[in-house]
Amino acid sequence: MDSDSSSLLTPGRHRPAAVREMFDRISPRYDLLNRLLTLGLDQHCRRRAVRALGLPPHCLIVDLACGTGDFCRILERRRMLPVGVDFSPGMLSNAKTSAPLVRADVMRLPFRDLSVEGAVCGFALRNLEALPPFLAEVARILQTGGRIALLEVAAPSGALPRSVHTFHFRRVVPAVGGWLSDKEAYRYLPDSVKFLPPQHELTKMLAETGFSEIEYCKLGAGIAGLFTATKT
Ligand SMILES: C[S@@+](CC[C@H](N)C(=O)[O-])C[C@H]1O[C@@H](n2cnc3c(N)ncnc32)[C@H](O)[C@@H]1O
């Protein structure tokens, strides 16, 4: 199937395949562009997310939609036991981590019920088919008391920071991404924010899925938002 922008932006049965093909295409320069376009703030946010999990060393943590394994590397440095899951062979083959990586759909996780202590997910929620079944699947594999940290793009508060961010996200990201990688993909990435529910809706979904201690905070000068929660 050809992954044109309509299949990337239209919910339906072709969207997951179009998303996978797009990440396969951009995988060789994915890390470079992330560091460049966020001036390294993406890694700062991932480190904060891992700290916010509040889990001790040796815990088994699933990195959901792990991409090139940035979260896995941070988790390894903190002596946790990450396993990365992603459905894009391109992203997985460009991963730089010694953690085990599994090629699978995060909507059907290859883990037993109640088998992991934590899960992280970086900048992938807006690419998923639907969030309630995804959260239910994550809750299924988490032990009671298990923790999740979900990181997504956000916009800073305040009129000036917000307009600078909008200019960067809508103009600079597609231009630089198009120049160094893939024009259509780096146009899709800002547009895909339309698939992210507002904060209160995601909080409600988490509560309805059986999570408690749900917290939200902005990170990285407001360019990212972090949800943390505990499986009850
Ligand atoms: C924006 S990247 C984020 C990668 C990584 N988590 C990070 O922090 O850089 C989104 C990732 O989600 C993956 N993805 C999207 N939908 C998926 C699904 N249903 N199952 C597994 N991986 C998925 C893509 O292949 C891609 O690697």
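Me: Which residue in β4 is the bridge partner of Val62?

Reply: Val62 has Ala119 as its bridge partner in β4. This is a predicted model, in which local features need pLDDT of at least 70, side-chain atom pairs count only at pLDDT 80 or more, and totals for chains, interfaces and linings use all residues. Residues are numbered from 1 along each chain as its sequence is written.

Me: How many bridges does β4 have with strand β5?

Reply: There are six bridges between β4 and strand β5 (residues 142-153), again in the parallel sense. Val120 has Ala149 as its bridge partner in β5.

Me: Why is strand β4 called mostly covered?

Reply: A residue is buried if 20 or more other C-beta atoms lie within 10 Å of its own, exposed if 12 or fewer do, and partly exposed in between, with the C-beta atoms placed from the backbone. In strand β4 (residues 116-122), seven of the seven residues are buried.

Me: What is the order of the strands in the open sheet?

Reply: The seven strands follow the order β3-β2-β1-β4-β5-β7-β6, and their pairing is mixed. At the edges stand β3 (101-103) and β6 (211-219), each with a single partner strand, so one side of each is left without a neighbour in the sheet. From one strand to the next, the twist averages 15°. Helix α4 (residues 41-53) packs on the sheet, where it touches β4, β5, β6 and β7 (224-231). The direction of α4 makes about 160° with that of β5.

Me: Which residues of α5 are buried?

Reply: They are Asp70, Phe71, Cys72, Ile74 and Leu75. Among the elements that cover them are α4, β1, β2 and β4. Helix α5 (residues 70-77) lies across β1, β2 (81-86) and β4, and runs at about 175° to β2. After α5 comes Arg79, whose phi is positive, near 60°.

Me: Why does Ala104 count as partly exposed?

Reply: Ala104 has 13 C-beta neighbours inside 10 Å, and therefore counts as partly exposed. This residue is placed in the loop between β3 and β4. Two residues are in contact if their C-beta atoms, placed from the backbone, lie within 7 Å. Not counting residues up to four places away in sequence, Ala104 touches Val85, Phe87, Leu109 and Pro110.

Me: Is Ile141 buried or exposed?

Reply: Ile141 is buried, because 20 other C-beta atoms lie within 10 Å. Its place is in helix α7 (residues 131-141). Leaving aside neighbours within four places in sequence, the contacts of Ile141 are Val62, Leu109, Phe111, Asp113, Ser115 and Val116. Ile141 and Leu109 are 32 residues apart along the chain, and their C-alpha atoms are separated by 8.0 Å.

Me: At what angle do helix α8 and helix α9 pack?

Reply: Helix α8 (residues 159-180) and helix α9 (residues 183-191) pack at about 155°, with their axes 7 Å apart. That makes α8 roughly antiparallel to α9. Axes are lines fitted to C-alpha atoms, for helices over the stretch in contact, and angles run from 0 to 180 degrees between N-to-C directions. Angles under 35 degrees count as roughly parallel, over 145 as roughly antiparallel, 65 to 115 as roughly perpendicular, and the rest as oblique.

Me: Which residues in α3 meet α8?

Reply: Leu33, Leu36 and Leu37 in α3 meet Val173, Val176, Gly177 and Leu180 in α8. By class, the residues of this contact are six nonpolar, one polar and no charged. Here Ala, Val, Leu, Ile, Met, Phe, Trp, Tyr, Cys and Pro count as nonpolar, Asp, Glu, Lys and Arg as charged, and the others, Gly among them, as polar. Helix α3 (residues 30-38) packs with α8 at about 150°, with the axes 11 Å apart. The two helices, α3 and α8, are therefore roughly antiparallel to each other.

Technical notes: Helices (H or I, at least four residues) and strands (E, at least two) are DSSP runs, numbered from the N terminus. Two strands pair if DSSP finds at least two bridges between them.
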